[in-house]
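Me: I have a protein chain to go through. Please take it in short questions and answers.

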Amino acid sequence: MLSNIEPLAREMTVNICRRAGMADADIGAWVDLHWTCAAAMLEAGVMDEAGEWIPGKDWRRGVAAYREKVASR
């Protein structure tokens with residue numbers, strides 16, 4: 001079952017990959033592994049829906065949110 005944030009977080013992750021110049025053939029697997037990190041960063045308010053860091057926000061809050069998300073699995 002998809003969470004409400006999963007489609008948005010996956011799209012954010014795709015955008016991050018493309019901005020980084022990742023080959024299209026590699027993006028799908030990378031997104032499958034890392035969309036939860038993007039979701040945590042978005043939920044923590046340190047990254048916007050385009051996958052850009054929000055200036056003035058503490059990225060460590062996002063890392064803490066990601067750790068909590070992974071630990072709750």
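The questions below run from the whole chain down to single residues.

This is a predicted model, in which local features need pLDDT of at least 70, side-chain atom pairs count only at pLDDT 80 or more, and totals for chains, interfaces and linings use all residues. Residues are numbered from 1 along each chain as its sequence is written, and side-chain values use heavy atoms, with hydrogens and water left out.

Me: Which pattern does the protein chain follow along the sequence?
Reply: Helices (H or I, at least four residues) and strands (E, at least two) are DSSP runs, numbered from the N terminus. The protein chain has 3 helices and 0 strands. Read along the sequence, the pattern is α-α-α.

Me: What is the radius of gyration of the protein chain, and what does the globule rule give?
Reply: The radius is taken over C-alpha atoms, and the globule rule is 2.2 Å times the number of residues to the power 0.38. For 73 residues the rule gives 11 Å, and the chain is close to that, so it is as compact as a globular protein of that length. The C-alpha atoms fill a box of roughly 30 × 30 × 20 Å along the principal axes. The radius of gyration is 12 Å, against 11 Å from the rule.

Me: What percentage of the residues of the protein chain count as buried?
Reply: Buried means under 20% relative accessible area, exposed over 50%, and partly exposed in between (1.4 Å probe, protein chains only). Of the 73 residues, the buried ones make up 29%.

Me: How far apart are the end C-alpha atoms of helix 1?
Reply: Helix 1 covers residues 6-19, which is 14 residues. The expected span is 1.5 Å times one less than the number of residues. That should come to 20 Å, and the model agrees: the ends are 20 Å apart.

Me: Is Thr-13 buried or exposed, and what is its relative accessible area?
Reply: Thr-13 lies in helix 1. Contact means heavy atoms within 4.5 Å. Leaving out residues up to four places away in sequence, Thr-13 touches Trp-30, Val-31, His-34, Trp-35 and Ala-38. Thr-13 is buried, with a relative accessible area of 2%.

Me: Which residues does Met-41 touch, not counting those up to four places away in sequence?
Reply: Met-41 sits in helix 2. Its relative accessible area is 6%, so Met-41 is buried. On that count, Met-41 touches Val-46, Met-47, Trp-53, Trp-59, Gly-62 and Val-63.

Me: With which residues is Thr-36 in contact, leaving aside neighbours within four places in sequence?
Reply: Thr-36 is also part of helix 2. It counts as buried at 8% relative accessibility. Beyond those neighbours, the contacts of Thr-36 are Tyr-66, Lys-69 and Arg-73.

Me: What distance separates the C-alpha atoms of Val-70 and Thr-36?
Reply: Val-70 lies in helix 3, residues 59-71. At 36% relative accessibility, Val-70 counts as partly exposed. Val-70 and Thr-36 are 34 residues apart along the chain, and their C-alpha atoms are separated by 8.3 Å.
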